[in-house]
Amino acid sequence: EEPLPKLITQRELNYKTSLLCVLLRKKIADFDMQSDDERAIISKEDIVSSLLLFLDVKFNEVKLLKEIDATIKKVQDIGFLKKIKSDEEIYEIKSSIKAFVDGFWLDEFDKRLKEYKDAGLWG
């Protein structure tokens, strides 16, 4: 028998993209427990401040902010964020992230994060 074709392409995500996905998954879980609204909303400012907690800002903050913008764009392209207000840079966290970032994925991310930290590449 021939294997079934893949319906979804698999993508390797870099550290920042994976980190943002984890942070968004946590935000949507918190939103689900605390709010009756239909949509989970997050501002770019909240995204940046959340990411900066995990990123090393040693030399070039402007470069880092450009990388964060690129990371946000990548997560938008994947379909986990949707820009809803262009002037204020407000985003909706799509519920599809729940299926992508599950317990197994988080466990794998924790392992890679530990390897990353042990290698001295973070913190």
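Tutor: Buried residues (under 20% relative accessible area, with a 1.4 Å probe and protein chains only) make up 31% of the 123 residues in the protein. This is a predicted model, in which local features need pLDDT of at least 70, side-chain atom pairs count only at pLDDT 80 or more, and totals for chains, interfaces and linings use all residues. Residues are numbered from 1 along each chain as its sequence is written, and side-chain values use heavy atoms, leaving out hydrogens and water.

The protein has 5 helices and 3 strands, in the order α-β-α-α-β-β-α-α from the N terminus. Helices (H or I, at least four residues) and strands (E, at least two) are DSSP runs, numbered from the N terminus.

A nonpolar core is a set of buried Ala, Val, Leu, Ile, Met, Phe, Trp, Tyr and Cys residues joined through side-chain atoms within 4.5 Å. The largest such core holds 29 residues, and Cys21, Leu24, Ile47, Leu51, Leu81, Ile93 and Ile97 touch the most other members. Two or more residues come from each of helix H1 (15-34), strand S1 (40-43), helix H2 (44-52), helix H3 (61-78), strand S3 (90-93) and helix H5 (103-118). H1 gives the most, with 9 residues.

Ile97 may be followed individually: leaving aside residues up to four places away in sequence, Ile97 touches Cys21, Leu24, Arg25, Ile28 and Phe80. Contact here means heavy atoms within 4.5 Å. Across the protein, 63% of the contacts between residues at least 6 apart in sequence join residues at least 24 apart.

Definitions and conventions
Buried means under 20% relative accessible area, exposed over 50%, partly exposed in between (1.4 Å probe, protein chains only).
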